Amino acid sequence: MSPVNTPVAGGLATGRPLVKLSGIRKSFGPVEVLKGVDMAVEEGQVVAMIGRSGSGKSTLLRSINGLERIDGGVIEVDGECVDPGQIDLRALRQKVGMVFQQFNLFPHLTAGENVMLALKVVKKQDKAATRAAAEAALAKVGLGQKFNAYPSQLSGGQQQRVAIARSLAMAPKVLLCDEITSALDPELVAEVLGVVRKLAEEGMTLILVTHEMRFAREVCDRLVFMHGGRIIEQGPPAELFDRPATPELAQFIGMVEAR
Amino acid sequence: MAYSFDFSSLLDYTPVLVDGIVTTIGLTAVSTVLGVALGIGGAAARTSTVKPLAVVVGAYVELIRNTPFLVQLFFIFFGLPSLGIRLAEWQAAVLAMVVNLGAYSTEIIRAGIDATPKGQIEAGASLGMTGPQIFRYVVLGPAMGKIWPALTSQIVIVMLGSSVCSQIAAEELSFAANFIQSRNFRPFEVYFLATALYLALAVALRWILSLVGGRMFAKGVSRA
């Protein structure tokens, strides 16, 4: 089945291809979870990946920065190519930021230290530059005053915003968000989505795996629907929601809207 | 029972006792620092993806943990000279204690490393950090915090175990006690005092280690 390629008219997309996935394959033991996925994301685009659990969307997202080793295909991010034989993924990872469902802040470091760590040991910036970058990143997510707070002293929403700041400080070309509001209490979801919305408006390239359908519809340029390890439909959110072309997507939309 | 206790006869031997205490503290301090450092290296090796390294360290840990400390000490002090390696008493004592604590602390620290949430390692990797950087900056601090009480107990055991080193004439506290009772024939008083001194040393050591651990590894309260 070939993906339905609908021309995309994203708000801030520049037309310059930034992320290109070709023929991505991945198996866990005998189970093939990605069955040759092709996908391209332009600079400035905001793309949401949706689908049932087990459809491969998180695995695909995690393969973009090498957290899942792919079995076949090529990943290209801003000219940096990675294939299954590649061992050193650091060059790729410096171009790709990632925010996780469980925040994954370093518990023994303050919010500021969480942000500064990779600037110091990966980018080898000096102390003053590191501190300034961390302060700016935390201010950007509205937590400038929490520089010295430990993760255990922050709410889930605040922790997730620190995690976003930590990724942003590394100046990635694209930010991957893996169900970043799924572990949050309902009243804390909005503050995190607010930060993501602001990033989208500023032209950050974003690829999100999300179950927040309303958010996806409002903020994303493009929706990618995965089913059974393949992308079976993609296009502008309004189009997909209102006129799903496949029975699988129609059924999925029916399920999430019935919640 | 007409034994009359006489602790005053111990006063003459105060310098011997003080020397013994200082030696015990010195042996413990040096072997703790080196032994824990060895344990951190051993735990890193045992959890690394380099299989041969993990196997070699695993063999070392099992060898040391399944043989008596006294035999390890005798092997180093009496056995190694056959290979031309001659060590002074204190050198042999330190080496035996370091090798012994290194093996036990490898296992203890490994447990702490294994308890690190996988997501934190992934977060480090996705920030572009190398494996060794992730180990040093992300994994090690919280791991040490988690196992610090267990490691403290092991260090106290090694301190008390240093008494075995009197058997190769390392002049630590037990050696001093032996020496004194062989001169004044007051074994009850001497060993009573030695027991009290070991107890005081152990309590003090636990207290100091708890302070150190609180300062260095109490996650989310102070910096690591």
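Colleague: Which residue in S2(A) does Arg25(A) stand opposite?

Modeller: This is a predicted model. In it, the residue opposite Arg25(A) is Lys35(A), in S2(A). Another such pair is Ser27(A) with Glu32(A), the latter again in S2(A).

Colleague: In what sense do S1 and S2 of chain A pair, and over how many bridges?

Modeller: Strands of a sheet pair through backbone hydrogen bonds, and the pairing may be parallel or antiparallel. Here strand S1, residues 17-28 of chain A, and strand S2, residues 31-42 of chain A, are antiparallel, with nine bridges between them.

Colleague: What lies between the two strands of that hairpin?

Modeller: Two residues separate S1(A) from S2(A) in the hairpin, and Gly29(A) has a positive phi near 60°.

Colleague: In what order do the strands of the sheet run?

Modeller: The order is S2-S1-S4-S5 in chain A, making an open sheet of four strands with antiparallel pairing. From one strand to the next, the twist averages 15°. Helix H1, residues 57-64 of chain A, packs on this sheet and touches S1, S2 and strand S4 (72-77) of chain A. The direction of H1 makes about 120° with that of S1(A).

Colleague: Where in chain A is confidence lowest, and where is it highest?

Modeller: Where pLDDT is low, the predicted coordinates should not be read in detail. For chain A the mean pLDDT is 90, with 95% of residues at 70 or more. Confidence is lowest in strand S5 (residues 80-82) of chain A, with a mean of 83, and highest in helix H3 (residues 111-121) of chain A, at 97. Over residues 1-10 of chain A, pLDDT stays under 50, and the model has 25 contacts for that stretch beyond four places in sequence.

Colleague: How many residues does each chain bring to the contact between A and B?

Modeller: The size of an interface is often given as the accessible area lost when the parts come together. Counted by residues, chain A brings 20 and chain B brings 19. On the side of chain A that touches chain B, helix H2 (90-95) and H3 of chain A each supply at least two residues. By class, that side of chain A has 12 nonpolar, six polar and two charged residues.

Colleague: Which residues of chain A does UniProt list for "domain: ABC transporter"?

Modeller: The UniProt record, an unreviewed entry, lists residues 19-253 of chain A under that name. In the model, this span is 37% helix and 26% strand, and its end C-alpha atoms lie 27 Å apart.

Definitions and conventions. Residues are numbered from 1 along each chain as its sequence is written. Chains are lettered from A and ligands numbered from 1 in the order in which they are written. This is a predicted model: local features need pLDDT of at least 70, side-chain atom pairs count only at pLDDT 80 or more; totals for chains, interfaces and linings use all residues. Two strands pair if DSSP finds at least two bridges between them. pLDDT is the predictor's confidence in each residue, from 0 to 100. Two residues are in contact if their C-beta atoms, placed from the backbone, lie within 7 Å. Ala, Val, Leu, Ile, Met, Phe, Trp, Tyr, Cys and Pro count as nonpolar, Asp, Glu, Lys and Arg as charged, and the others, Gly among them, as polar. Axes are lines fitted to C-alpha atoms, for helices over the stretch in contact, and angles run from 0 to 180 degrees between N-to-C directions. UniProt positions are given in the numbering used here, feature names are shortened, and annotations may be inferred rather than shown by experiment.
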